[in-house]
Each structure stands twice: as structure tokens, then as C-alpha cells.
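User: I would like to learn how to read a few features of a protein model, one at a time. Please give the general idea and then the case at hand.

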Amino acid sequence: MEKDTIVRLNKRFEQYAYQQDGVEYWVARELQELLEYTQWRNFENVIAKAKIACEKSGNAISDHFVDISKTIQMPKGASKEVPDMILTRYACYLIAQNGDPKKEQIAFAQSYFAIQTRKQELLEERIQLTERLQAREKLAATETELSKNIYERGVDNYGFGRIRSKGDWAMFGGFNTSDMKRKLGIKENRPLADFLPTITITAKQLATEITNFNVKEKDIKGESKITSEHLKNNKDVRTLLGKSGIKPENLPVEEDIKKLERRVITLDKEIAKKNFKGEKDNTDE
């Protein structure tokens, strides 16, 4: 997510926040607009899932989801009452967690509501962390799909490993998987992608996705032909990166993705247990 986008979304989310007796809250129908849900009934389904998560985390639903009504204007000067809800930051966080993170505003909201302090640098750091984890998960899913596709076409797991290593050889300018592990100081028994930056993970995922598509579309069979296809796609993606001056083999190693996963799990537990405890304490004052 670009820095300008983060600044823009941060400003917009700030405008929708309310304060009462030192407690921050948001209104559900306005949050629906922020998260770009077009229909209230669809947004209600997400709220229902968030309430279940709230209860499972040991928090009282009534502390974070407060039912209210709202008057809206109808044609010809008429008006009607519609259901609405006051939401704490924790409630908004749970709602965002149950949304689709591929949507830009929901991916932003997941970090925005997870962090009590709204300092720009903290938002940027958490969003970048989440994007790298999501990119890694997407690459793993795409590689699993490729493994299944080529197995049906006469290639076993060893063949899949050779195809993937050849793809890395093309992506990293003549360095295969083992070469890159040695270059970056990664243990041979660990996946290379767990230590790559988001841009490289995304590049590998795109090349693999194209291979998947063409293997199925053209019904490519046999290790040799599938290897040629995967080589071509990795070279093409590398060329695209090169147009922006990016050489994947020269990018520095990143923190182990497993450590990042543990950090996120720890953070989520802290959010549930501590971060929003202050909201209750402020309410009791």
C-alpha cells in the first residue's frame, strides 16, 4: 500500500471517529460506508461474525456493540427509523478482521483499528507486515495448486522441486533456489520465500500463477515442457522488474516470515486482552 494511500485513508478514518467522555467510538452505518459495503444486510452479517469473535475472546458483546436507531430521510419529506449501532475500536477491529483483506480499505482498517495510537509510522509498519504475510500465503497457495496440476500431468514432487528451482534460476538471474539460500545465508531446510521481500514474493507468485493458467489452458504435460513454460514466465516477470531497476537477487534478506507470524499472533492476543481494556476502564470512570 502506497504511503499516499495510507495518509489518505488515515485522514478519512479519523474524520469518522467520535469521542465521548474520553471514549472513542464509531457508528456502524458510517463504518459500512468507510469499508465500502453497499448493502446493510451484508454488513450486518460481518457484524454478526464480529460479535461471535468478541464473545469467544471473553469480552461482553454489550461493552463493544451498542444498538441504537437512526432517522433517515425518505422521498417526499418522509422519514423512517433504521437500526444502527455504536462500535468501540475493538468492535471495529473485529469487523475489519472478518472482512476481505484484498479490499484496500479493509486491509487498512485491520491495522488502523488494531493500533490504539494512530501514529503514521506505526500504521505503515503494521500494514507492510500484513502485506508480506498475505503475499507469502498467496504464493504458497499458488505453488500448491501448481503442484497438483503438474502431478496430474505426470510430474512427481521431485519434478516439482526441479521446476520451481529452475523458475528461481530465471527469476534471480542465474541463481537457483540453493544458490539464493547460500547467498542470503538461509538454511537449506527452510523455504527461500520465507526470507524474501514482498516485491519478490509477489513476483514469484505472479510467474507461478501464469504457469498454472497456461498448464491448464494449453494442457501442457511432462516435466520438460512445464519447466520451459515456468522458465519463460519467470524470465518475463524478471524483465518487468528490470524496467523499474529491480534485480531480485540483489535485494536484502528479510526477517523470517515465521517470526512475523508469531509477532502477529502475539499482537492479536494483546489486542484482545489489553489494548481495549482501557475502553472498559474509561467507561467505568
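This is a predicted model: local features need pLDDT of at least 70, side-chain atom pairs count only at pLDDT 80 or more; totals for chains, interfaces and linings use all residues.

User: How many helices and strands does the protein have?

Analyst: Helices (H or I, at least four residues) and strands (E, at least two) are DSSP runs, numbered from the N terminus. The protein has 13 helices and four strands. Contact means heavy atoms within 4.5 Å. Among contacts with a separation of 6 or more, 62% are between residues 24 or more positions apart.

User: What share of the residues counts as buried?

Analyst: Buried means under 20% relative accessible area, exposed over 50%, and partly exposed in between (1.4 Å probe, protein chains only). Of the 285 residues, 44% are buried. Accessible areas come from the Shrake-Rupley method with a 1.4 Å probe, and for residues only the protein chains shown count as cover. The accessible surface of the protein is about 15800 Å², and 50% of that belongs to carbon and sulfur atoms.

User: Why is helix H6 said to be largely enclosed by the rest of the structure?

Analyst: Helix H6 spans residues 104-112, and eight of its nine residues are buried, so the helix is largely enclosed. The buried ones are Gln105, Ile106, Ala107, Phe108, Ala109, Gln110, Ser111 and Tyr112.

User: Next, salt bridges. How many are there by the rule used here?

Analyst: Side chains of opposite charge can pair when their charged atoms come close. The rule asks for a side-chain nitrogen of Lys or Arg within 4 Å of a carboxyl oxygen of Asp or Glu. By that rule there are 18 salt bridges.

User: Which residue pairs with Glu223, and where do the two lie?

Analyst: Glu223 forms a salt bridge with Arg162, with 2.8 Å between the closest N and O atoms. The pair links distant parts of the chain, as Glu223 is in helix H11 and Arg162 in helix H8, 61 residues apart. Glu223 is partly exposed at 26% relative accessible area, and Arg162 is also partly exposed, at 45%.

User: What does the salt bridge of Glu249 tie together?

Analyst: The partner of Glu249 is Arg238, and their closest N and O atoms are 2.7 Å apart. Glu249 lies in the loop between H11 and helix H12 (257-275) and Arg238 in helix H11, so the pair ties together parts 11 residues apart in sequence. Glu249 is buried, at 8% relative accessibility.

User: And Glu152: buried or exposed?

Analyst: Glu152 is exposed, with 61% relative accessibility. Its salt-bridge partner is Arg153, at 4.0 Å between the closest N and O atoms. Arg153 is buried, with a relative accessible area of 14%. Elsewhere, Arg136, Arg190, Asp194 and Asp256 are linked in a network of salt bridges.

User: How are cavities found, and how many does the search give?

Analyst: Rolling a probe the size of a water molecule over the atoms shows where empty space is left. On a 1 Å grid over the protein atoms alone, a cavity is a set of points where a 1.4 Å probe fits but cannot get out, and lining residues have an atom within 4 Å of a point. Grid points are joined across faces, edges and corners, and a volume is the space filled by probe spheres set on the points. Searching the whole structure gives two cavities of 30 Å³ or more. The largest cavity has a volume of about 60 Å³.

User: Which residues line the largest cavity?

Analyst: The lining is made of Glu143, Leu146, Phe160, Arg164, Gly167, Asp168, Lys204, Thr208, His230 and Asn234. Helices H7 (120-151), H8 (157-171), H10 (198-217) and H11 (223-242) are the elements that give two or more residues each. H8 supplies the largest share, four residues. Ala, Val, Leu, Ile, Met, Phe, Trp, Tyr, Cys and Pro count as nonpolar, Asp, Glu, Lys and Arg as charged, and the others, Gly among them, as polar. On that basis the lining has two nonpolar, four polar and four charged residues.

User: Which loop holds Glu36, and what is its phi?

Analyst: Glu36 lies in the loop between helix H2 (28-34) and helix H3 (40-56). Its phi is positive, about 60°, although Glu36 is not a glycine.

How values were computed:
Residues are numbered from 1 along each chain as its sequence is written. Side-chain values use heavy atoms; hydrogens and water are left out. On a 1 Å grid over the protein atoms alone, a cavity is a set of points where a 1.4 Å probe fits but cannot get out, and a pocket is an open set with protein on both sides within 12 Å along at least five of seven lines; lining residues have an atom within 4 Å of a point.
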